[in-house]
Amino acid sequence: MNLGIAGKWALVCGASKGLGFGCAQALVREGVHVLIVARGAEALQLAASKLIADSDRPASATVQYVAADITTIEGRAAVFALRKDFDIVVTNAGGPPTGDFRDWDRDSWIKAVDANMLTPIELIKATVDGMAERGFGRVINITSSAVKAPIDILGLSNGARSGLTGFVAGVARSKLASRGVTLNNLLPGKFDTDRLASTMGAAAQKTGKSLDDIRQAQAAQIPAQRFGTAEEFGAICAFLCSVQAGYMTGQNVLADGGAYPGTF
Ligand SMILES: NC(=O)c1ccc[n+]([C@@H]2O[C@H](COP(=O)([O-])OP(=O)(O)OC[C@H]3O[C@@H](n4cnc5c(N)ncnc54)[C@H](OP(=O)(O)O)[C@@H]3O)[C@@H](O)[C@H]2O)c1
């Protein structure tokens, strides 16, 4: 299917690896120009080289990168200094740490809210009016299945991402909707990325079980009996960015191999 977005410009945050990289790769394969962002310059440069070397990339699709912390004012300024107008914005940064809410002070909460709620809101604020003027725009926020099915040790994530979800639900239904701009959230369940490996590593340490046992036990709880891949996640993101998805806005799209047990 031709997604109709070749030649558009996308900002993809948190894209040196994992789900962000998957989104960037899927968009580049559709002929979208991408600007990818992450903090670590070396891994980011490597990711850009991989995207450029991808044999499925149309030669017309360009790849740029900026090493920046997207959760800071300076980081976002560095991105927008390179390019102001984006047709597609994929918001993403690392998830907050796990833990017991009794141990989190105000600072822990401010960091989580900054990274997982206020940063996407700032990126939306900086880009959607330009999208509306041009008559096309797509914002995809990478959030978490924890928004639909909260996990106790992920309290910082549950809280901050729910704030973003409420905000997006309102903005998506504003006048932007009649001007070709859609905003949707993409909710990953368990995907095989470094983030998942590190949470499983922590579980292995805590329980004394082997990493393999933890992996198998966690995969066994998912109806699909496996973790998702960044490539699968990226394909869903690219579809949400497509011309064909123009009538879909304000949605929370869950990709979790069937793990969420509800009908809706
Ligand atoms: N994987 C899963 O199963 C899963 C499940 C639910 C939710 N999620 C959420 O989905 C998001 C992506 O997860 P992932 O698994 O792809 O993580 P990942 O493999 O750890 O990759 C995170 C990416 O974001 C970049 N990044 C982190 N903090 C950043 C910042 N402040 N500014 C710019 N870039 C930043 C990282 O590079 P640098 O560190 O170099 O900046 C890296 O490129 C996270 O918010 C995570 O909590 C993931």
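Reader: Leaving aside neighbours within four places in sequence, which residues is Thr119 in contact with?

Author: This is a predicted model, in which local features need pLDDT of at least 70 and side-chain atom pairs count only at pLDDT 80 or more, while totals for chains, interfaces and linings use all residues. Residues are numbered from 1 along each chain as its sequence is written, and side-chain values use heavy atoms, with hydrogens and water left out. Contact means heavy atoms within 4.5 Å, and on that basis Thr119 is in contact with Ile70, Thr71, Arg76 and Asp114, once its neighbours within four places in sequence are left aside.

Reader: Why is Thr119 called buried?

Author: Buried means under 20% relative accessible area, exposed over 50%, and partly exposed in between, with a 1.4 Å probe and protein chains only. Thr119 has a relative accessible area of 3%, so it is buried. The residue lies in helix α4, where helices (H or I, at least four residues) and strands (E, at least two) are DSSP runs numbered from the N terminus.

Reader: What makes the pair of side chains Thr119 and Arg76 a polar contact?

Author: A polar contact is a pair of N or O atoms within 3.5 Å; within protein, one must be able to donate a hydrogen and the other to accept it, and residues adjacent in sequence count only if both atoms are side-chain atoms. The side chains of Thr119 and Arg76 are joined at 3.4 Å, and this is listed as a polar contact.

Reader: How do you know that the buried residues of α3 line one face of the helix?

Author: The buried residues of helix α3 (residues 73–82) are Gly75, Arg76, Val79 and Phe80. Seen down the axis of α3, they fall within an arc of 125°, so they line one face of the helix; the arc is that of the directions from the helix axis to the C-beta atoms. On the other side of α3, Ile73, Glu74 and Ala81 are exposed. The cover over the buried residues of α3 includes β1 (9–13), β2 (33–38), β3 (63–67) and α4 (106–134).

Reader: Is Gln25 buried or exposed, and what does its side chain make a polar contact with?

Author: Gln25, which lies in helix α1, has 14% relative accessibility and therefore counts as buried. Its side chain makes a polar contact of 3.5 Å with the side chain of Asp54. Not counting residues up to four places away in sequence, Gln25 touches Leu51, Asp54 and Glu231.

Reader: What makes Lys206 exposed?

Author: Lys206 lies in helix α6, and its relative accessible area is 75%, so it is called exposed.

Reader: Why is Gly228 called buried, and what does it touch?

Author: Gly228 has a relative accessible area of 10%, so the term buried applies to it. The residue lies in the loop between α7 (211–220) and α8 (230–240), and it touches Lys190, Phe191 and Asp192, not counting residues up to four places away in sequence. The C-alpha atoms of Gly228 and Pro188, 40 residues apart along the chain, are separated by 8.6 Å. Gln225 lies in the loop between α7 and α8 too, and it has a positive phi of about 60° although it is not a glycine.

Reader: Which residues come nearest to the ligand, and which of its atoms lie by polar side chains?

Author: A residue is near a molecule if one of its heavy atoms lies within 4 Å of it; of the 28 residues around the ligand, Ser16, Leu19, Ala93, Phe191 and Thr193 come nearest. An oxygen atom of the ligand is 2.6 Å from an N or O atom in the side chain of Ser16, a nitrogen atom of the ligand is 2.8 Å from an N or O atom in the side chain of Asp69, and a polar side-chain atom of Arg195 lies 3.2 Å from an oxygen atom of the ligand.
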